[in-house]
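Let's take a walk through a protein chain together.

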Amino acid sequence: MSDQNVHNAGFTSSGITGGSLASSMMSQEARASGGGVHSGGPTATLQEMGARGSTHSSGFTSSGISGGSKASQMMSQEARSHGGGTPRGGTTSTVQSICK
């Protein structure tokens, strides 16, 4: 189910769909960072998953983040870099919200 949500948001194997939530996220992220979308950010992470159809295998599931997965490693790394919590609007929370 979460792979379909990522696809429906506009992250596809053909790239980001124009006029979609994905294109809006990409535009907003690029403006906030001075014109580019960073590798490892929400847009890049979701596009990689959309292209591969791999949200479940990455550990982002409708039940939450799977322990021991790539998603849990991302969450842990993000929490450490933000003093112990994952920020709202960060990569982990954004990806998980779309993968539900």
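This is a predicted model: local features need pLDDT of at least 70, side-chain atom pairs count only at pLDDT 80 or more; totals for chains, interfaces and linings use all residues.

If you trace the chain, you'll find six helices and four strands. Starting at the N terminus, their order is α-β-β-α-α-α-β-β-α-α. The chain has a radius of gyration of 13 Å, close to the 13 Å that the globule rule gives for 100 residues, so it is as compact as a globular protein of that length. Along its principal axes, the C-alpha trace spans about 35 × 30 × 15 Å.

The chain exposes about 5400 Å², and 50% of that comes from carbon and sulfur atoms. There are also charges to think about: the mean positions of the 6 positive and 4 negative ones are 5 Å apart.

Now for the core. The largest nonpolar core has 13 residues, and among those with the most contacts inside it are V6, F11, L46 and F60, along with V95, I98 and C99. Which elements give two or more residues to this core? They are helix 2 (21-32), helix 3 (42-52), helix 5 (70-81) and helix 6 (91-99). Helix 6 supplies the largest share, three residues.

So let's stay with helix 6 for a moment. Seven of its nine residues are buried, so helix 6 is largely enclosed by the rest of the structure. If you want to find them, look for T91, T92, T94, V95, Q96, I98 and C99. Here's a handy bit of background: an α-helix has 3.6 residues a turn, so residues three or four places apart point the same way.

Finally, jump to the other end of the sequence and find N5, which lies in helix 1 (residues 2-8). Is N5 buried, exposed or partly exposed? With a relative accessible area of 21%, N5 is partly exposed, since buried means under 20%. Which residues does N5 touch, leaving out those up to four places away in sequence? The answer is I98, C99 and K100. As for Q96, it sits 91 residues from N5 in sequence, with 11 Å between the two in space, C-alpha to C-alpha.

How values were computed:
Residues are numbered from 1 along each chain as its sequence is written. Side-chain values use heavy atoms; hydrogens and water are left out. The radius of gyration is taken over C-alpha atoms; the globule rule is 2.2 Å times the number of residues to the power 0.38. Accessible areas come from the Shrake-Rupley method with a 1.4 Å probe; for residues, only the protein chains shown count as cover. Lys and Arg count as positive and Asp and Glu as negative; His and the chain ends are not counted. The place of a charge is taken as NZ of Lys, CZ of Arg, CG of Asp or CD of Glu. A nonpolar core is a set of buried Ala, Val, Leu, Ile, Met, Phe, Trp, Tyr and Cys residues joined through side-chain atoms within 4.5 Å. Buried means under 20% relative accessible area, exposed over 50%, partly exposed in between (1.4 Å probe, protein chains only). Contact means heavy atoms within 4.5 Å.
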